[in-house]
Structures are given as C-alpha cells and as structure tokens.
Amino acid sequence: MTIIQKEVCSIENNFKIKLPREYRDFIMKGSLEKLKMHRFVTKDKKVESIVKYFFSPKKDYDDDLHGEIQGFTLDQKIPINLIPIAITPAENRVLLSISG
C-alpha cells in the first residue's frame, strides 16, 4: 500500500466517511499537484472559478485534507455531508458532497 493509499484510508477511518470513488481515484493517481490553477464551472453553471490548489491527503502538510475536514466539516462550519477539497485564489473552499 502506498503512502497516499494509507492516508486516504486514514481519512476515511478517522472521520468515518467514504470518499466518492471518482475523487478517491483522482487522489490515488497523484493528480492533485498536476491541476493547480484549474478553471471550473459549478454543476448548475452559475459560478466559474479557479482551483488554486487541492488539499493534500498527506497529514501534517500546511493545508492537508485531515485538517480541513476537522476544521470545517467536524467543527460544523459547513454541512456534515460536505468536505473541503480545494481552495480558490480568493481563499474560498471548494466543497465535495460525500453523501446525499
């Protein structure tokens, strides 16, 4: 098992969540670093923005997925079915639904 796979399993186990398969595959392929400054449009086509960077699944990075989930989802700053996965140049979080 690779370090990334261990970290993803740790996230799922520690927070008792199941990451969507597409997002899990995206992390496992090491795609996070390749997509810095990636432009996107929301599903409803109402908002266009840019991903400044994705949060790393590696614990203890400056901006790691563990800390983001703890600080935003578990601390109830956002609904429990959402997790922050990336940040925009305006310092807004890009959220991913993990259920519902």
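Reader: Which backbone atom lies 3.0 Å from a polar atom of the side chain of Asp64?
Author: In this predicted model, that atom is the backbone nitrogen of His66.

Reader: Where is Asp64, then?
Author: Asp64 sits in the loop between β3, residues 53-54, and α3, residues 65-74.

Reader: Buried or exposed?
Author: Asp64 has a relative accessible area of 10%. The cut-off for buried is under 20%, so Asp64 counts as buried.

Reader: What is Asp64 in contact with, leaving aside its neighbours within four places in sequence?
Author: Phe55, Ser56, Lys58 and Lys59.

Reader: Back to His66. Where is its place?
Author: His66 is in helix α3. Its relative accessible area is 5%, and His66 is buried.

Reader: What does the side chain of His66 make a polar contact with?
Author: The side chain of Glu7, at 3.2 Å. A polar atom of the His66 side chain also lies 3.3 Å from the backbone oxygen of Pro57.

Reader: What else does His66 touch, not counting residues up to four places away in sequence?
Author: Besides Glu7 and Pro57, the list has Ser10, Ile11, Asn14, Phe15, Lys58 and Lys59. Take Ser10 from that list: it is 56 residues from His66 along the chain, yet the two C-alpha atoms are separated by 9.0 Å.

Reader: And Leu65, where is that found?
Author: Leu65 is found in helix α3 too.

Reader: Is Leu65 buried or exposed?
Author: Buried: Leu65 has 0% relative accessibility, and the cut-off for buried is under 20%.

Reader: Which residues is Leu65 in contact with, leaving aside neighbours within four places in sequence?
Author: Its contacts are Ile11, Tyr23, Ile27, Phe55, Ser56, Pro57, Pro84 and Ile85. Ile11 is 54 residues from Leu65 in sequence, and their C-alpha atoms are 8.0 Å apart in space.

Reader: Which residues of α3 are buried?
Author: Leu65, His66, Glu68, Ile69, Gly71 and Thr73.

Reader: What follows α3?
Author: Gln76 follows α3, and its phi is positive, near 60 degrees. Gln76 is a residue other than glycine. It lies in the loop between α3 and β4.

Reader: Is Gln76 buried or exposed?
Author: Gln76 counts as exposed, at 69% relative accessibility.

Reader: Which loop holds Lys16?
Author: The one between α1 and α2. Lys16 is not a glycine, but its phi is positive, about 55 degrees. Lys16 has a relative accessible area of 73%. The cut-off for exposed is over 50%, so Lys16 is exposed.

Reader: Change of topic. Which strand does Ile50 lie in?
Author: Ile50 lies in β2, residues 48-51. Its relative accessibility is 21%, and Ile50 counts as partly exposed. Val94 is 44 residues away from Ile50 in sequence, while the C-alpha to C-alpha distance is 9.5 Å.

Reader: Now the chain. How many helices and strands are there?
Author: The chain has 3 helices and 5 strands. Along the sequence they follow the pattern α-α-β-β-β-α-β-β. The radius of gyration is 13 Å, close to the 13 Å that the globule rule gives for 100 residues, so the chain is as compact as a globular protein of that length.

Reader: What box do the C-alpha atoms fill?
Author: One of roughly 35 × 30 × 25 Å, taken along the principal axes.

Reader: What percentage of the 100 residues count as buried?
Author: 36% of them.

Reader: How about contacts between residues 24 or more positions apart: what do they account for?
Author: They make up 39% of the contacts in the chain with a separation of 6 or more.

Reader: What does the accessible surface of the chain come to?
Author: About 6500 Å², and 52% of that belongs to carbon and sulfur atoms.

Reader: Last one: how many positive and negative charges does the chain have?
Author: There are 17 positive and 14 negative charges, and their mean positions are 5 Å apart.

Terms used. Residues numbered from 1 in each chain as written. Predicted model: local features only at pLDDT ≥ 70, side-chain atom pairs only at ≥ 80, totals over all residues. Heavy atoms only, no water. Helix = DSSP H or I, 4+ residues; strand = E, 2+ residues; numbered from the N terminus. Buried < 20%, exposed > 50% of the residue type's maximum accessible area, 1.4 Å probe, protein only. Polar contact = N/O pair within 3.5 Å; in protein donor to acceptor, adjacent residues only side chain to side chain. Contact = heavy atoms within 4.5 Å. Rg over C-alpha atoms; globule rule 2.2 N^0.38 Å. Areas by Shrake-Rupley, 256 points an atom, 1.4 Å probe, with all protein chains shown as cover. Lys, Arg positive; Asp, Glu negative; His and termini not counted. Charge placed at Lys NZ, Arg CZ, Asp CG, Glu CD.
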